[in-house]
Amino acid sequence: MPGGGRGGGGGLRVLSAVERDGVEPALLDVVEYRKSGLSLNSVIGCPLDCGYCVRHVFGNFGMKVPRAVVGPREAVAALTGHRFFRPHVTPVQLMNRATDPMLPVVKPHVFEVLQRLDEQELTNHVLLITRWRVGEEDCARLNALRHLKVTLLVTHSGIEDERIEPVDSDIAARSLEVAYRCAERYRVILYWRPIVPGLNDSDRHLARALELSGSAHATVFTGLFFRDQIRDYYRDHGLPEPYEQSARRKIFPEQLEQRILTAAAGNEGSPLFRKTSCAVTYAHGVADYNGHYGIRELCDICPAAQVARCADGWVVPDARRVETMARELGGRLVAVTERAVVVEGLDEQRRYLMQHTLGFQIHDVAKPHHPHRHGRADLGWPAPVEVS
Ligand code: SF4
């Protein structure tokens, strides 16, 4: 394996030249900046077949056998050499776009990447999202990392329609239990998603998820990305479409949120969060790196100690500094408000670089955020009042 080095590939083959030709170019670019951080996707392909998988968007859903785009050593070099990577600052996600990091054939690659990052004494957040099996030996390897702030997010939806989610939800439940019981240096999040009205939002589903939340340091609840390509897949396979329209952002109706919060009142499990980074940072006892504290209504369900941490870490940035940053990145500052910096002409990657550097929300003037909407799609919410 090119750059593999330690035999960490464990049966994982690198894409052949012919296979590369059939892959969307975006997937060959192994580092991408997303909201939860720089995302390293050096392995693509997954056999798990979740109907709502984001791989539909990349035309990669048909690739069932994971393949490495590059080996672990090259992957780490691509990540830490990325122009937007900042040691100890930039949050990192591993293999969240096109495979599951805990698949047996993918795991050795992932652990080698983690080890190589840790050897550099980097203290960045690293997020791993899985719905597959996590065993005690995996936990031991995560506990052995000395510097990285690792968070394992275990996805559980409770969806029973096998056409939409063929993977048994009990697998995630067991992984959660093992990971939480063994956690010493890393943290465990119940990633309760996607919650879809009529599919997995019955009182029974809610009770089960809340029970599972007791096996996690924190719980995130969220909706469904229902992009055009995913809607097309549902149509082509005769699956019940959860919404009449597709949307750029995640869909999460207001009434469903209310039902969940009511059901969670008095629950003995871990605290619920609307945003992934809020749960991650709570679990590690640090302030939110996405600056969600500026969107005050997000924090009404957050434990008081965490609100205090975020309040301490949150500073409205100096307008001249932000103006310079925006200009150097090729855009323009529009406004600095108590909620967010508003910019023009900067793509997502540049906005996230600013957001994680400043710990403050950076919004695009062309994509207004609505109050009390928490960055979600408009579907299922009253007509918006626009603010920046
Ligand atoms: S205080 Fe607000 S921003 Fe901070 S973790 Fe809680 S919800 Fe998120």
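Biologist: How many helices and strands does the protein chain have?

Modeller: This is a predicted model. Of the 388 residues in the protein chain, buried ones make up 56%. The chain's secondary structure comes to 13 helices and 13 strands.

Biologist: How are helix 12 and helix 13 oriented to each other, roughly parallel or roughly antiparallel?

Modeller: Helix 12 covers residues 319-328 and helix 13 covers residues 348-358, and their axes lie 11 Å apart. The two pack at an angle of about 150°, and angles over 145 degrees count as roughly antiparallel. Helix 12 and helix 13 are therefore roughly antiparallel.

Biologist: Into which classes do the residues of the contact of helix 12 with helix 13 divide?

Modeller: Helix 12 contributes R321, V322, M325 and A326, while helix 13 contributes M354, T357 and L358. Arg counts as charged, and Val, Met, Ala and Leu count as nonpolar. The division is five nonpolar, one polar and one charged.

Biologist: Which residues does a cis peptide bond join?

Modeller: Most peptide bonds are trans. An exception is found at P194, in the loop between strand 8 (187-192) and helix 7 (203-212). With omega at about -10°, the cis bond joins R193 and P194.

Biologist: Is H88 buried, partly exposed or exposed?

Modeller: H88 sits in the loop between helix 3 (72-80) and strand 5 (92-94), and its phi is positive, near 70°. Buried means under 20% relative accessible area and exposed means over 50%. At 43%, H88 is partly exposed.

Biologist: What is phi of E121 near?

Modeller: E121 belongs to the loop between helix 4 (107-119) and strand 6 (125-130). Most residues other than glycine have a negative phi. For E121 the value is positive, near 60°.

Definitions and conventions. Residues numbered from 1 in each chain as written. Predicted model: local features only at pLDDT ≥ 70, side-chain atom pairs only at ≥ 80, totals over all residues. Heavy atoms only, no water. Axes fitted to C-alpha atoms, helices over the stretch in contact; angles between N-to-C directions. Helix = DSSP H or I, 4+ residues; strand = E, 2+ residues; numbered from the N terminus. Parallel < 35°, antiparallel > 145°, perpendicular 65-115°, else oblique. Contact = heavy atoms within 4.5 Å. Buried < 20%, exposed > 50% of the residue type's maximum accessible area, 1.4 Å probe, protein only.
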